[in-house]
Amino acid sequence: MAFIELSGIEKSYSNHQVLKGIDLDVEKHQVVTLIGASGSGKSTLLRCINALETIDSGTVSVDGDVVSGPGVDLDRLRRKVGMVFQSFNLFPHMTVEDNIAVGPVRLLGEDREGALRRARELLERVNLDHRARYYPDQLSGGQQQRVAIVRAIAMRPEALLLDEITSALDPELVAEVLNIVRDLARDGMTMILATHEMQFAREVSDVVVFLEQGKLLEKGPPEQIFGEPKEERTRAFLRQIVEAGRL
Amino acid sequence: MTSLSPAPRSRGLAVFATLLAIALLVTVAAVGESVRAGITTSPELSTFSIWVMAAGLALGAVTLWAAVSALRHSFRSASEEAAGEVLASRASAAQSRQHSFITFGLAFAVLIGFALIQLVLINDGNIQRTFLRGDLMAGSALDIARAFIVNIRLALISGVIVLVFGLVLAIARMIPGKAGAPVRFLAVAYIDLMRAVPAIIVLYLIGFGLPLTNLPVLSGLNAEWFAILALSLTYSAYVAEVYRSGIASIHPSQWAASRSLGFSYLQTLRFFILPQAMRLVIPPMLSTFIALQKDTSLVNVIGTLDAFNQAKFYASSTFNLSSVTVVAILFVIITIPQTRFVDWMLERGANRRKGA
């Protein structure tokens, strides 16, 4: 049984159907990358997995437990499945270390001292321990995103959802963020990421999924999807990426 | 060969500024003298008007000096241009224009300030004698200041109640889901109702109505508590809306971030949304609180002896409004420091988060 199982996920906003029946299994320690044009449903799919969006039909199950539908303790689910956003979404009124420690202290019942110590240890791993007492607005975008990843990790999640986490960054800051994701993949973190960084997707993914207009069009190991895609649409999409100089 | 574009024009402005400054001096002298001539009953006031005129003329002279300086720079600009020093000519012209605009600003301020004081002195000091009699103000000030403590007490106690009850209302109004619908409806109804009814009507109904109801506790309260009750009920509705606007202006991504970590709706409000919203609502909250302070003067309708009531007492026994002006001055004195304090606090908070 896969760690995350999506079956028949459908989602509409008023009369626009964003997801049209998505099936996807993600095994523990797997890195799955969602690619596809803007509006293909990558972000929505991620937000449906930890129920930031409610789904219209289908089921989401995490670790063998069905977590869609009524009567689910979503706050518990979300502690197990962390999320990192395109626009970082740090809490601007808190210092970096408090941003990271607030979850463990308030939700996991850790004592403040220990949580702050661990926050600084995690920050050290991403070379940001010297910024622990800073406020988010004092950091660069790349630094903020690294803090956001650490904030998610601090909750000791069993899986991470990464929603275009480098799309809002200046090009020279992308690498510092991707390096952390690379480390997480090496440590065996289960991850689903939506990204436009094809080179990175190719390198880090176990499975690449191509979404188009709310449908899962093609799925396979990165060598196959990027090397010899079966679907004409996938080829067309990748051609555009190559023309834009991004692959 | 590059050709330098010429200096901006400055002569017309400088000439106009000079004429304006001269006109200002003439006006101050003419108006000041005619008002002074009209003051016949009070030698002190006559002396005062001479001082005012002197001050007006002195400030007028400063204005004229700025205008002349504009003119001088304009001439210098012209001679530099003739000598082919275009860059220097531009700088002088810019100086000239700046002095011209300074002249305009000064002339405007002097004129308005002078006119306001003359308004008090005009017609043999009638306005001064109606509103600003020094002897009556001094004579009533102590009693009024003492009574003003009632206003401050009303404002502080109501203020605290309003901050708490307003927040409860705001959160009630935002409770999510179907189950929250009745609570939301109640909160909206309360806010609509209390914002619609004038504070003075609420005060009147409570102050004169509650004692007649024979309700336990409530009917036995004294007038001050009725006032606190009425003001709290009214202002909570306003403050609830202030809170709500603050909460609503926090970007939804903050909700997403908090919920994705596993925080519940109420935890999200408490740890992330409210602390940020509070900072945003401080300025409108201060405006509302100042309005509340001022409305404490309404309590005179139910007979509480506040500053205004005390002043009216003096006013009716002396047939003069100077004591009421004292109340106005007291309100100004307590309001302005609050505004400055909040400005300072906000700036400090912003600087800290930016690391300045």
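I started with the lining of the largest cavity: I get 7 nonpolar, 2 polar and 1 charged residues. My classes: Ala, Val, Leu, Ile, Met, Phe, Trp, Tyr, Cys and Pro are nonpolar, Asp, Glu, Lys and Arg charged, the others, Gly among them, polar.

Housekeeping: this is a predicted model, where local features need pLDDT of at least 70 and side-chain atom pairs pLDDT 80 or more, while totals for chains, interfaces and linings use all residues. Residues are numbered from 1 along each chain, chains are lettered from A, and side-chain values use heavy atoms, without hydrogens or water.

The largest cavity holds about 60 Å³. On a 1 Å grid, a 1.4 Å probe fits in a cavity but cannot get out; a pocket is open, with protein on both sides within 12 Å along at least five of seven lines, and lining residues have an atom within 4 Å of a point. A:Glu164 and A:Phe200 are among the cavity's lining residues.

Next I checked the largest pocket, about 330 Å³. It has 15 lining residues, with B:Leu163, B:Ile282, B:Met285, B:Leu286 and B:Phe289 nearest its centre.

Last, B:Asp306. I find it buried (under 20% relative accessible area, 1.4 Å probe, protein chains only). B:Asp306 has no salt bridge, and B:Lys312, the nearest side chain of opposite charge, is 7.7 Å away. My salt-bridge rule is a Lys or Arg side-chain nitrogen within 4 Å of an Asp or Glu carboxyl oxygen.

Terms used: Buried < 20%, exposed > 50% of the residue type's maximum accessible area, 1.4 Å probe, protein only. Lys, Arg positive; Asp, Glu negative; His and termini not counted. Points joined across faces, edges and corners; volume = space filled by probe spheres on them.
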